Amino acid sequence: MKRTDGSFPVWEIIPGQLYQRGKMFPRFSPELKLQGLAHYGITHAVALAPPKPDPDLEAWGNADIIGYTHFPIPDGLLHTQPQLLELASDLADEITAGGCVLTMCNAGRNRSGLLSALIVRELLGLSGIEAVEHVQLHRPRALANPGFVEFLLQLPATEKKIYGK
């Protein structure tokens, strides 16, 4: 479901815990970004689009105002599978501990959809296909990249459910 009640719109993947969107455009002032993050309760933002990190989010991450990870991946073939799975697991742990995560890429569809699906898989104990379906239900037109979907479809359900269905 798309939420537009804050300073910037987001797609709510898991209400109050996991959001997805395109990048923070330069036209967004630092105040607008911070206001939006606070409005949605976001404690950690992940930027997946190369090449440069968002300077405001990076500065706030360095100042411990918000958790911030810049993990650039190409919107094509996936070469960072182990690191991406580890990142998803760490972010799922953060959500389980009460945090709220925002995944971002250029358009808010493929790279952010990939990471959101991996986090959903961890939290809900879903298979890759179930995680794809969950993300696409909440973010229409997400995961249009066939390479990303193929990678996700090969993943079995997680054994340990760390968040109730």
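Search the whole structure and you come back with 0 disulfides, a disulfide being a pair of cysteine sulfur atoms within 2.5 Å. Take Cys 100: its sulfur sits 17 Å from the closest cysteine sulfur, in Cys 105, so a bond is out of reach. Both residues are listed here, with buried meaning under 20% relative accessible area, exposed over 50% and partly exposed in between (1.4 Å probe, protein chains only).

| Residue | Relative accessible area | State |
|---|---|---|
| Cys 100 | 3% | buried |
| Cys 105 | 3% | buried |

A word on the source: this is a predicted model, where local features need pLDDT of at least 70, side-chain atom pairs count only at pLDDT 80 or more, and totals for chains, interfaces and linings use all residues. Residues are numbered from 1 along each chain as its sequence is written, and side-chain values use heavy atoms, leaving out hydrogens and water.

Now the fold. The protein has 6 helices and 6 strands, counted as DSSP runs (helices H or I, at least four residues; strands E, at least two) numbered from the N terminus. In order, the elements go β-β-β-α-β-α-β-α-β-α-α-α.

As for size, the radius of gyration is 15 Å, which agrees with the value near 15 Å for a compact globule of 165 residues. That radius is taken over C-alpha atoms, and the globule rule is 2.2 Å times the number of residues to the power 0.38. Along the principal axes, the C-alpha atoms fill a box of roughly 40 × 30 × 30 Å. Of the 165 residues, 52% count as buried.
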